[in-house]
Amino acid sequence: MPEQMIPVEEARAIVLAHVKPLPEERIEAWRAVGLPLAADATTDIDLSPFANSAMDGYAVRTADLADASQEHPVTLTITGHEAAGHVFTGEVGPGEAVRIMTGAPVPAGADAVVKYEIVEVAGGDGSGNEGALATFRAPAKPGENIREAGLEAHAGDVIMHAGEVVTAAGAGLLTSAGVTEVAVRRAPRVGILSVGTELVPPTEQPQRGQIRDANGPALMAAALDAGAEPRFFGIVADDEDAIAQAVLEMTESCDLVVTSGGASAGDYDYIEALVQREGEVLFDRISMRPGKAITFGLVRGVPFLGLSGNPAAACVGFEMLARPAIRAMRGHTLLERPLERARVTHDVRKRQERRFYDRARVARDPETGEATVTEERSQNSALLGTLHRANCLLMVPEGLQGYTAGDEATCVRIDLPEGAEL
């Protein structure tokens with residue numbers, strides 16, 4: 001059985017070594033936003049499928065305008081119009097032009113589009129369509145204002161690779177390529193259990209010695225935010241048999257089991273013994289504050305994470321270990337939040353050798369652009385309000401007793417998604 005505290009990085013590596021990407025499922029492309037693809041996606045047509053106009057104007061032959069100037073303008077006859085969804089079937093011949101709208105196919109014979117604003121139109125019905133005359137006072141270049149066919153991709157090209165995360169624009173790209181469904185890794189089913197005889201549901205008024213269960217909703221929300229399908233298995237008292245029954249039930253339907261409470265060394269902390277009895281304990285203490293008492297192991301082959309009962313400690317432990325595991329199961333390759341260097345605005349002290357993750361806020365000076373970080377007023381592990389207001393965890397590493405105001409420190413930006421650029 002493990003007997004010593006291990007570093008956060010080692011604990012995370014152990015957790016990640018015992019989870020794997022889950023089986024694929026197919027979903028509508030737009031529903032895949034924020035998810036990595038499980039397989040390459042290819043287009044069945046050129047994107048775009050035809051050369052089209054980049055703006056409203058006139059499709060012309062550049063040879064007709066080669067000598068156009070302010071002193072010697074060139075006048076062409078407008079023989080048709082081309083709008084998106086309205087196909088001009090003719091060809092632009094010598095001395096002719098076709099009125100064209102943005103996105104419409106460039107008609108045969110034309111090799112440039114001249115924007116509407118610099119063309120003088122006379123005659124016809126005044127609309128600038130068939131029968132009118134268009135006067136040009138400058139030459140045009142071949143390809144001017146034309147978006148070529150296949151500008152983005154050609155038929156058969158991979159437009160999004162496996163592992164790429166779908167964005168809103170990416171969902172549009174996929175569907176324009178005829179990809180209406182994509183393969184992704186299914187959401188991991190994460191079971192959440194709150195342990196503690198003192199806990200009552202949020203709907204009840206706590207009596208003396210009781211508290212409402214905050215960990216259950218907080219961890220459910222954290223699991224959902226990480227990309228999981230959370231399932232709440234309720235509150236269980238500090239009873240060895242009741243805890244075992246609940247946890248074993250969770251292993252039957254969940255990909256990851258997470259409990260809060262009962263993970264330290266108190267008289268009623270049965271979690272580690274349960275994991276040892278029903279599977280294997282891989283670590284039980286981490287060199288971290290808050291959240292030293294974390295048990296991770298396998299229960300009947302299912303990854304199990306036993307977190308502290310202190311709300312802030314439970315949330316920080318989930319952030320450091322469960323969140324990257326959930327993302328790995330969904331097929332993500334970026335598993336850690338962005339790190340930012342910032343100058344502390346006040347002295348920071350710690351009295352223990354463990355690594356501290358203090359709740360704090362990073363701000364940026366509007367004039368200098370320099371990032372500064374200020375701790376929340378209290379680092380009590382029982383408080384969720386300070387974590388709610390924080391946008392980062394100020395890291396005070398092992399071997400360092402703190403910071404002096406003005407020192408640079410590393411901050412974990414818990415308000416930003418993995419891979420975000422600072």
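In the predicted model, Pro 290 is placed in the loop that runs between strand S19 (288–289) and strand S20 (295–299). The peptide bond leading from Arg 289 into Pro 290 is cis, with omega near 0°. A cis peptide bond also links Leu 47 and Ser 48, with an omega of about -5°. Ser 48 belongs to the loop between strand S2 (41–42) and strand S3 (52–53).

Most peptide bonds are trans, and most residues other than glycine have a negative phi. A positive phi near 50° is found at Arg 300, a residue other than glycine. Arg 300 is located in the loop between S20 and strand S21 (302–307), and with a relative accessible area of 51% Arg 300 is exposed, the cut-off for this class being over 50%. Asn 145, likewise not a glycine, has a positive phi of about 60°. Asn 145 lies in the loop between strand S9 (133–136) and strand S10 (146–147), and its relative accessibility of 23% makes Asn 145 partly exposed.

Helix H3 (residues 215–226) packs with helix H6 (residues 311–329) at an angle of about 25°, and their axes are 10 Å apart. Because angles under 35 degrees count as roughly parallel, H3 and H6 are roughly parallel to each other. The crossing of H3 past H6 is right-handed. On the H3 side, the contact is formed by Asn 215, Ala 218, Leu 219, Ala 222, Ala 223, Asp 225 and Ala 226, which meet Pro 311, Ala 314, Cys 315, Phe 318, Arg 323, Ile 326 and Arg 327 of H6. The residues of this contact comprise 10 nonpolar, one polar and three charged.

Notes. Residues are numbered from 1 along each chain as its sequence is written. This is a predicted model: local features need pLDDT of at least 70, side-chain atom pairs count only at pLDDT 80 or more; totals for chains, interfaces and linings use all residues. Side-chain values use heavy atoms; hydrogens and water are left out. Axes are lines fitted to C-alpha atoms, for helices over the stretch in contact, and angles run from 0 to 180 degrees between N-to-C directions. Helices (H or I, at least four residues) and strands (E, at least two) are DSSP runs, numbered from the N terminus. Angles under 35 degrees count as roughly parallel, over 145 as roughly antiparallel, 65 to 115 as roughly perpendicular and the rest as oblique. A crossing is left-handed if the near helix is turned anticlockwise from the far one by less than a right angle, and right-handed if clockwise. Contact means heavy atoms within 4.5 Å. Ala, Val, Leu, Ile, Met, Phe, Trp, Tyr, Cys and Pro count as nonpolar, Asp, Glu, Lys and Arg as charged, and the others, Gly among them, as polar. Buried means under 20% relative accessible area, exposed over 50%, partly exposed in between (1.4 Å probe, protein chains only).
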